[in-house]
Amino acid sequence: MLADGGKALSGGHSLIPTMKLRLNAPDVLVDVGRLPELKGISVDGSELVIGAGVTHGAIAASDLVKKHLPMFATGASQIGDPSVRNRGTIGGSIAHADPSADWPAMIIAADATIVMQGPSGTRKVKAEQFFTGLFSTALHENELITQIRVPLHDGAKMTYQKFSQPASRYAIVGCAVVKSADGKLRVAFSGVSEAPFRDKKAEEQLSSGQPAEAAAGMSILSDHYASEEYRKHLANVYLNRALAAVA
Amino acid sequence: MQVNLTVNGKVRQADLEDRTLLVDFLRDNLRLTGTHVGCDTSSCGSCTVHVDGVAVKSCTLLAAQADGCTVTTIEGLAQFNANGTIGQLHPLQEGFKECHGLQCGFCTPGMIMTAADLLSRQRNPSEHDIREALEGNICRCTGYHNIVKAIQWAADHTPAPLLADHHVWTNEPTTEPAAV
């Protein structure tokens, strides 16, 4: 069904708005919003496993998430507004891959793995490799995201800092930083470029003790919310805020 | 497509076009026009209703997604007399009246439904809690000061059982509700 012009519908808070804009016109919608297999948050070995159909609100309220991945709880609580968080799901947000969505920066910085189920079985892709361009991902047409698996990062410090668009709360710039117990940094951005990305150059500069330049060499988005120059400036401001938060 | 749901305590069945949004079903099919469409982009919150006790933006939900669910709209909050006149307003409606929490009234149904969700979870919200809860509800008349006061008033005047289950008063009248 998904391969024949169909689309999976979960919370609908990305897909329905795009359908209203006629950017998407699926022949068939398959409502996966109430599948119990896509719900639930649990610890499996050294990973926190979040079902793709878990809402932002449920992640923000989860004690397991607060304990092991506090950035995910505080980050989720900054998505949209309470009603949006009651419906929108992490899997839907990731599959939609809006360049300004909050989850991508967080899951890239946290080195999460995205689990996808298709007709030929299960496939896993690292979050860092998942986002391939503007609204484009490694997800195949006939696949469904089922889980997001995140290393527990015990002893790490982590933060997600964002500059929000005031009505939608989408990130004009969102910066996630995870500092492991041994001091290693992972830096990722949403909102800055056509696809969310891990900022390896900034990581290298920081690990060699230099001041970092955010999003060096990246093509920077420019729109009526923020020009290219302003966005680049904000990326640096929010990187510094994130670094201060994990210092 | 066939949709079955319970709206304000009544079982409703309808054969709808697949793409029907919940808000359009409520307004156009059931004539429950208290739920408003402001932005149609899930930003303004004037379409907020409860689905299975949780506040959602009904402009960004297909009616089919609410199949089998329990929906409460602004019409489901007050107690109505048998003749369709209002018997007793919900404490939030009283609060908005007492504290002048509205001017044009367009955003009010959404504000009240969002606040009802908050009060069902939190007995004594702080001003900060209320303002955070209202993040997805936009008012273009009064600013938010009196809206926040109205919700605080309701929190102070709401009987405890109502907070435990704010659906106990969902007995919307069979006729169109009388104008407030």
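This is a predicted model: local features need pLDDT of at least 70, side-chain atom pairs count only at pLDDT 80 or more; totals for chains, interfaces and linings use all residues.
Author: Domain bounds come from an automatic or database domain assignment. Local features require pLDDT of at least 70 and side-chain atom pairs count only at pLDDT 80 or more, while totals for chains, interfaces and linings use all residues. Residues are numbered from 1 along each chain as its sequence is written, with chains lettered from A and ligands numbered from 1 in the order in which they are written.

Reader: Which residues make up domain 1 and domain 2 of chain A?

Author: Domain 1 comprises 6–25 + 38–151, and domain 2 comprises 157–246.

Reader: How many residues of each are in contact?

Author: Domain 1 of chain A places 25 residues in contact with 25 residues of domain 2 of chain A. Two residues are in contact if their C-beta atoms, placed from the backbone, lie within 7 Å.

Reader: Which elements supply the domain 1 side?

Author: Helix H4 (70–76), helix H7 (103–109) and S7 of chain A each supply at least two residues of the side that touches domain 2 of chain A. H7(A) gives the most to that side of domain 1, with five residues. Helices (H or I, at least four residues) and strands (E, at least two) are DSSP runs, numbered from the N terminus. By class, this side of domain 1 of chain A has 13 nonpolar, seven polar and five charged residues. Ala, Val, Leu, Ile, Met, Phe, Trp, Tyr, Cys and Pro count as nonpolar, Asp, Glu, Lys and Arg as charged, and the others, Gly among them, as polar.

Reader: And the largest nonpolar core, how many residues has it?

Author: The largest nonpolar core has 74 residues, and those with the most contacts inside it are A:Met106, A:Ala109, A:Cys175, A:Ala176, A:Val177, A:Ala235 and A:Leu239. Strand S11 (residues 171–179) of chain A gives the most to this core, with seven residues. Both domain 1 and domain 2 of chain A contribute at least three residues each to this core. A nonpolar core is a set of buried Ala, Val, Leu, Ile, Met, Phe, Trp, Tyr and Cys residues joined through C-beta atoms within 7 Å. A residue is buried if 20 or more other C-beta atoms lie within 10 Å of its own, exposed if 12 or fewer, and partly exposed in between, with C-beta atoms placed from the backbone.

Reader: What does A:Cys175 touch?

Author: Not counting residues up to four places away in sequence, A:Cys175 touches A:Ala105, A:Gln161, A:Phe189, A:Ala235, A:Tyr238, A:Leu239 and A:Ala242.

Reader: Chain A overall: how many helices and strands?

Author: Chain A has 10 helices and 13 strands. The radius of gyration of chain A is 17 Å, close to the 18 Å that the globule rule gives for 247 residues, so chain A is as compact as a globular protein of that length. This radius is taken over C-alpha atoms, and the globule rule is 2.2 Å times the number of residues to the power 0.38. Buried residues make up 50% of the 247 residues in chain A.

Reader: Backbone next. Where is A:Phe135 found?

Author: A:Phe135 sits in the loop between strand S7 (131–133) and strand S8 (136–137) of chain A. Although not a glycine, A:Phe135 has a positive phi of about 55 degrees. A:Phe135 is partly exposed, with 17 other C-beta atoms within 10 Å.

Reader: Turning to chain B, how many of its residues are in contact with chain A?

Author: Chain B has 19 residues in contact with 16 residues of chain A. Strand S4 (residues 54–57) of chain B provides the largest share of the chain B side, four residues. The residues of that side divide into seven nonpolar, nine polar and three charged.

Reader: Which residues of helix H1 in chain B are buried?

Author: In helix H1 (residues 22–29) of chain B, the buried residues are B:Leu22, B:Val23, B:Phe25 and B:Leu26. They cover an arc of only 165 degrees around the axis, which puts them on the same side of H1(B). The arc is that of the directions from the helix axis to the C-beta atoms. The buried residues of H1(B) pack against strand S2 (10–15) and S3 of chain B. Just after H1(B), B:Arg31 takes a positive phi of about 60 degrees.
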